[in-house]
Amino acid sequence: MTAFTIRVPDEVANRLNEIAQKLDRSRSYMAAQAIENFVSRVEWQLAEIEAGIAEADRGEVASDEDVARVIDKHIKATA
């Protein structure tokens, strides 16, 4: 494992301490979990963006007519 230091506002540190105490975990464990979750979420988002760009580059996009049909469907559903 790698250790490093980060700075957070006192308010955030206090909130983290409260959560860690309630869950009977260390502040370090909770911070590591938060960072791991953040990294996983951002990796997923970037992969989805890259996949979308690749689809667009291949011309795999909705036509104007497809978009209009979806919009009409939702307008009718709320009317």
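Modeller: Happy to! In sorting residues by class, Ala, Val, Leu, Ile, Met, Phe, Trp, Tyr, Cys and Pro count as nonpolar, Asp, Glu, Lys and Arg as charged, and the others, Gly among them, as polar. By that scheme, the lining of the largest pocket has 14 nonpolar, four polar and three charged residues.

Please keep in mind that this is a predicted model, in which local features need pLDDT of at least 70, side-chain atom pairs count only at pLDDT 80 or more, and totals for chains, interfaces and linings use all residues. Residues are numbered from 1 along each chain as its sequence is written, and side-chain values use heavy atoms, with hydrogens and water left out.

What is a pocket here? On a 1 Å grid over the protein atoms alone, a pocket is an open set of points where a 1.4 Å probe fits, with protein on both sides within 12 Å along at least five of seven lines; lining residues have an atom within 4 Å of a point. The largest pocket holds about 860 Å³ of space, a volume being the space filled by probe spheres set on the grid points, which are joined across faces, edges and corners. It is lined by 21 residues, and R27, S28, A31, A32 and I35 are the closest to its centre.

Now for the helices, which are DSSP runs of H or I with at least four residues, numbered from the N terminus (strands are runs of E with at least two). The protein has three helices and zero strands. Both α1 (10-22) and α2 (27-57) supply at least two residues of the pocket lining, and α2 gives the largest share, nine residues. With its 31 residues, α2 reaches 45 Å from first C-alpha to last, close to the 45 Å expected at 1.5 Å a residue; the expected span is 1.5 Å times one less than the number of residues. After α2 comes G59, with a positive phi near 85 degrees.

Between α1 and α2 runs a loop that contains S26. A polar atom of the S26 side chain lies 2.9 Å from the backbone nitrogen of Y29; a polar contact is a pair of N or O atoms within 3.5 Å, where, within protein, one must be able to donate a hydrogen and the other to accept it, and residues adjacent in sequence count only if both atoms are side-chain atoms. S26 has a relative accessible area of 39%, so it is partly exposed, between buried (under 20%) and exposed (over 50%), with a 1.4 Å probe and protein chains only.
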